[in-house]
Amino acid sequence: MKIAVNTRLLLKDRLEGIGQFTANIFEILSREHPEIEWIFLFDRPWHPDFIFEPHIEAKVLFPPTRHPLLWQWWFQWSVPRYLNKVKADLFISPDGMIPLWGNCPSIAVIHDLNYEHQPGNLDKIAGGFMRHYYPKFAHHAKRVATVSNYCKRDIADTYELSPDKIDVVPNGYGQHFKALSEEAKEKVRQNYAEGSPYFLYLGALNPRKNLEGLMGAYALYRDNGGQHKLLITGEKMRWTPAIEEAFQRNPFKADILFTGRLADAELADVLAAAEALCLVSHFEGFGIPIIEAFACETPVICANNTAMPEIAGEAALLVDSRNSQSIAKAMQQMENSEVQADLIQKGKVQLQKFSWQKAADAMWDSIQKCLS
């Protein structure tokens, strides 16, 4: 049995969400199923860290996929020709793009439909490509996987697809996310927040994440006597003029601190030392930082839209992402140690629903449905 996997997003020291999903799930599956001939398909030379087992075969297919036109070339020419050549039994694509011809059945993993509902958040060419092709990928795939029940319903409704064809394969979290001692937390605060307690935003910096609303809420929180700083961690993926203006006009901008992108271990420490995670996005297909915060025993404030209430359960303060007063009120509530303790305990319970092992098991169930 030969299973080929699109591993083009396994980039050393540059793993984004889909890369993390790919690495964690297929590290487990390749270990647990040595009877499978696993073929990892890259678009550039691979790092040996991603060849998890000796029986994995790695193959580079031309061209490197840095533009939608090259996505088309890679997925509609290079990949199907190779799959036919090696007579693969299944192709799994963690970024949802699959060949639309050839003899090999596919599982398309579509993490969310943000590009359908908020098209302004993406580059016009990339967004246009996705809106044109992803419905085709969803219908052509033998099965579709996605990361939450919210996304399953959204894909079924938006693409008029039977829910029976869609499997939920939720995200997990890294074992480096864990609680810190008070002494260790103090060191993190000294290193990143001038020794002060802080609220934390964690993720890419783009319009979907509602940084304008978060910074506006922070100003209201400070106006009402709050003293915590706001730490913003992540890469400026789409730092718009509107976000820059919201920062520059904030009367407390001196206490809004930017760390840039952090290494995994640093990121875990910063999260574990926070007074609360603030994930108040306008759209999330899952919201991995929520469960990472649970693992760090950090309380969570998150938006009440899309998949976030499903992932957070009763273990977070839910807010209206369009209402800065709602976010500011939750920040104020987080100064109550009893509120924090209650959320931390609930977070430990909610966390039991998620792990990369559970994700790998769900993916294996989807594979079995494809091959049966």
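Reply: Lys229 is buried, at 8% relative accessibility; buried means under 20% relative accessible area, exposed over 50%, and partly exposed in between, with a 1.4 Å probe and protein chains only. The model is predicted, so local features need pLDDT of at least 70 and side-chain atom pairs count only at pLDDT 80 or more, while totals for chains, interfaces and linings use all residues. Residues are numbered from 1 along each chain as its sequence is written, and side-chain values use heavy atoms, with hydrogens and water left out.

Lys229 forms a salt bridge with Glu194, with 3.2 Å between the closest N and O atoms. A salt bridge here is a side-chain nitrogen of Lys or Arg within 4 Å of a carboxyl oxygen of Asp or Glu. Glu194 lies in the loop between helix 6 (182–192) and strand 8 (198–202), and Lys229 in strand 9 (residues 229–233), so the pair ties together parts 35 residues apart in sequence. Helices (H or I, at least four residues) and strands (E, at least two) are DSSP runs, numbered from the N terminus. Glu194 is exposed, with a relative accessible area of 56%.

Arg8 is buried at 7% relative accessibility, and Asp95 is buried at 6%. Another joins Asp167 and Lys369, with the closest N and O atoms 2.9 Å apart. Asp167 is in strand 7 (residues 166–168) and Lys369 in helix 14, 202 residues apart. Asp167 is buried at 6%, whereas Lys369 is partly exposed at 43%.
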